[in-house]
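Subject: Structure handover

Hello,

Here is the structure I promised to pass on. My notes on it follow below.

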Amino acid sequence: MSEGAAAAAGRELFTRVARKDGRSVALMRAIDYGVECVIETEVYPPSAATALRAGPYTFADARQATAFVTEAVEALMYLGCDIQAA
């Protein structure tokens, strides 16, 4: 794969999954494209059969994206969710 193709595909940095009472609530995936870092999210509403996509949320670098996910994870933990790395 060429360097340009690899940058276009991005590199997954991490994924976090939030669950409450054994049910998936949200998934957040950080992807580094070199010139920006994107957080892709899936949210699982209680009454929905499939996940809804929120975002994507774009940041200048991985540090900013990680700070965003850290704050979201802290909020989900406060709401009683279990967080797992996937």
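Predicted model: local features only at pLDDT ≥ 70, side-chain atom pairs only at ≥ 80, totals over all residues.

Residues are numbered from 1 along each chain as its sequence is written, and side-chain values use heavy atoms, with hydrogens and water left out.

Overall layout

The protein chain has 2 helices and 5 strands, where helices (H or I, at least four residues) and strands (E, at least two) are DSSP runs numbered from the N terminus. Along the sequence the pattern reads α-β-β-β-β-α-β. The C-alpha trace spans about 45 × 25 × 20 Å along its principal axes. Of the 86 residues, 26% are buried; buried means under 20% relative accessible area, exposed over 50%, and partly exposed in between (1.4 Å probe, protein chains only). The accessible surface of the protein chain comes to about 5600 Å², with 55% of it belonging to carbon and sulfur atoms; areas come from the Shrake-Rupley method with a 1.4 Å probe, and for residues only the protein chains shown count as cover. Among contacts (heavy atoms within 4.5 Å) between residues at least 6 apart in sequence, 34% join residues at least 24 apart.

Strand pairing

Two strands are taken to pair if DSSP finds at least two bridges between them. Strand E1 (residues 11-20) and strand E2 (residues 23-32) run antiparallel and are joined by 9 bridges, with Arg16 opposite Met28. Their hairpin has 2 residues between the strands, and Asp21 takes a positive phi near 55° there. E1 is also joined to strand E5 (residues 82-85), by 4 bridges and again antiparallel; Ala18 has Ile83 as its bridge partner in E5.

E2 continues the pairing with E3, to which 7 bridges join it in the antiparallel sense. Asp32 stands opposite Cys37 in E3. The hairpin of E2 and E3 has 4 residues between the strands, and Gly34 takes a positive phi near 90° in it. Strand E3 (residues 37-43) is mostly covered, with 5 of its 7 residues buried. E3 and E4 pair over 6 bridges, also antiparallel.

Aromatic rings

The structure holds 2 aromatic pairs; rings of Phe, Tyr and Trp (its six-membered ring) pair if their centres lie within 6.5 Å, and planes under 30 degrees apart count as stacked, over 60 as edge-to-face and the rest as tilted. Tyr57 and Phe68 form a tilted pair, 5.2 Å centre to centre with 40° between the planes. This pair links distant parts of the chain, 11 residues apart: Tyr57 lies in strand E4 (residues 52-59) and Phe68 in helix H2 (residues 62-78). Tyr57 counts as partly exposed, at 32% relative accessibility, and Phe68 is partly exposed with a relative accessible area of 29%. The rings of Phe59 and Phe68 have their centres 5.2 Å apart and their planes at 45°, so this pair is tilted. Phe59 counts as buried because its relative accessibility is 17%.

Regards
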